[in-house]
Every structure is written in structure tokens, then in C-alpha cells.
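Subject: Structure for you to look through

Hello,

Here is the structure I said I would pass on. Please open it and keep it beside this email as you read.

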Amino acid sequence: MLRTSPIRVLGERDRAEVYALLDRDPVGNVFVASRLRAAGLDPARLGAELWGYVEHDAITALCYAGANLVPINAGPEAVRHFASRARWQGRRCSSIVGPIPAVTDLWRRLAPYWGPARAIRARQPVMAISQEPEVPADPLVRRVRPEELGILLPASIAMFTEEVGVPPDAGDGGALYRARVEELIRMGRAFARIEDGRVVFKAEVGAVTPRACQVQGVWVHPELRGRGHSVAGMAAVVRFALAEIAPTVTLYVNDFNTPARAAYRRVGFQEIDEVMSVLF
């Protein structure tokens, strides 16, 4: 089957063609572009495979196949072949994330083999901002210092569990998740307001390219919600990010999370697209 497939695993020799495709939508493709810029296209270094759908000797669609399965610029034929390869390979990802039509089609084809999903987020608005926030920033939000890992980590675990539905430390005791949080702190991309050893507000900039960056892990302590911390905190993160990281700040949010969407709009974010996530 694979010998006649228009799908092939891409490598460094495909770099120029891959980046040209990713650059068509620098905001929507920020996660995959960030991973490739950090680790390259070689699967051994990337810790994932990047599949290319080839038509007339040109790569017209991509699929990042790692901890997430992410289709890019994938029409029905590309999706059909990506699903075939994913089914043949077996599920190795914890989620499928991407444009609604492509993910809907992928999941329709994979559900009989991979199902049931733990959760399906059928519509998640993608929001972005490229100008100064429209509200004052919280002056107490700052970069988290390395020695504060022990303060930030419990808040990060609480956020992940609340958002995804399972704790991030269930499999390996939390070693990989702790390492990722530690890495974000070390890179200066973890921000928080910390008072008396407690995280009031936090957020991280997870994916970064020269053209965009993606905010993740936005969280306010449950006892302190409804007091405006998310709006002022996000305004602070956006100011840091625009000044020092990338010219556009983006994120995606669950459509049912009305308070978060309202808070982001107050900061100045606008909804520019939608994605879908299938969680395992």
C-alpha cells in the first residue's frame, strides 16, 4: 500500500517547500512551524513525523504526526491518504487538532479504528491580536523565575486537568510535563502574578515563530476568579509578547467558554478562524 501512496515522510531536503506551505497561514500553522524551527524536519530529532501529500511532484498538504496529529492545507484527497497512513501506523497521538473540515473528515475515517474519543471539541475559535491591548496591563504579571518552578507547577497541573479532563502527570509521574514547564520558564516564556507563594494568574507562550506566537495555559486561581485578573493578566502577556517575541499573538479557546472569550475580546483579541480537537 505505502509504495504507491502519494504520502511520504518529509526530511530536511524538503525544508524550503514545507516552510513555503506553512507561511501561507503563519497564525494557523504556528504550532507546527514552531516545532520544525526548533527541531528540524528529521524525525529522530523532531520526535514525530511530518507527512507530505505529493501531487505532480509538489507537496500540497502536510500532516504533523507526533503527540498531536495536525493536518495542514489538507483537502479531501489528502485527508483520505493521511487517514489511511494513520490507520496503518496505529494511534500514537493524544489528540487530533486542526481545521474543522479536515479534522471532521479524519476523525470520521479513524473513529472505527481509534474510537471512542475521550472528548470532542467540535468548534474552538482561534483568536489573534497584533496591536497594543485595549485595557491596562496588570503590572504585577512578570516572567516566572527558575526558582519558582515549585510554585508554578501545581497551578499548571490544575490548569491542564481542568482544561483537558485528565492530569498531565498520570502516565510518567509528571516528569515530561515538569520538564516542559521548566523549559518554558528557562526560555522566559512563562508569565504569572504570584502573591504570597500562590499563583493568582498565569499563562505561557508555547509556540513561537518570527511571525506569530501562541499563548497557552491561561489560568486564574479558582478563589480569585471574576475579579478581572484574566483581562489585566492577558493584557500584560500580550504586551510582553508583542514587544519581545512575535508581531502577532494568537490562541484558541473552547466555544463554550464564554467568560474566557469575553475576556480575550476585552483585551483586543479578534476571532479569525476555528479549529476542532479530538482528545484521547
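Below is what was found in it, from the whole chain down to single residues.

This is a predicted model: local features need pLDDT of at least 70, side-chain atom pairs count only at pLDDT 80 or more, and totals for chains, interfaces and linings use all residues. Residues are numbered from 1 along each chain as its sequence is written, and side-chain values use heavy atoms, leaving out hydrogens and water.

**The whole chain**

The protein chain has nine helices and 12 strands. Both are DSSP runs, numbered from the N terminus: helices are H or I with at least four residues, strands are E with at least two. The radius of gyration is 19 Å, close to the 19 Å that the globule rule gives for 280 residues, so the chain is as compact as a globular protein of that length. That radius is taken over C-alpha atoms, and the rule is 2.2 Å times the number of residues to the power 0.38. Along its principal axes, the C-alpha trace spans about 60 × 35 × 35 Å.

Of the 280 residues, 50% count as buried. Buried means under 20% relative accessible area, exposed means over 50%, and partly exposed is in between (1.4 Å probe, protein chains only). Now take contacts, meaning heavy atoms within 4.5 Å. Among contacts with a separation of 6 or more, 70% come from residues 24 or more positions apart.

**Aromatic rings**

How many aromatic pairs are there? The count comes to seven. Rings of Phe, Tyr and Trp (its six-membered ring) pair if their centres lie within 6.5 Å; planes under 30 degrees apart are stacked, over 60 edge-to-face, and the rest tilted. F160 sits in helix α6 (residues 149-164) and Y177 in helix α7 (residues 175-186), 17 residues apart. F160 is partly exposed, at 24% relative accessible area. Y177 is buried, at 16%. Elsewhere, W107, W114 and F280 form one aromatic cluster.

V278 lies in strand β12 (residues 270-279). Its relative accessible area is 0%, so V278 is buried. V278 and T104 are 174 residues apart in sequence, yet 9.1 Å apart in space, C-alpha to C-alpha. Leaving aside residues up to four places away in sequence, V278 touches several others, including I96, W107 and I120.

Q124 lies in strand β6 (residues 119-129). Is Q124 buried or exposed? Q124 counts as buried, at 3% relative accessibility. Again leaving aside residues up to four places away in sequence, the residues that Q124 touches include Y252, D273 and M276.

**Backbone details in the loops**

Which residues does a cis peptide bond join? The bond joins G115 and P116, with omega about -5°. P116 is in the loop between α5 (100-114) and β6.

D57 is not a glycine, but its phi is positive, near 65°. D57 lies in the loop between β2 (49-55) and β3 (58-65). D57 counts as exposed, at 77% relative accessibility.

N73 is not a glycine either, and its phi is also positive, about 55°. Look for N73 in the loop between β4 (68-72) and α4 (76-89). N73 is partly exposed, at 43% relative accessible area.

Best wishes
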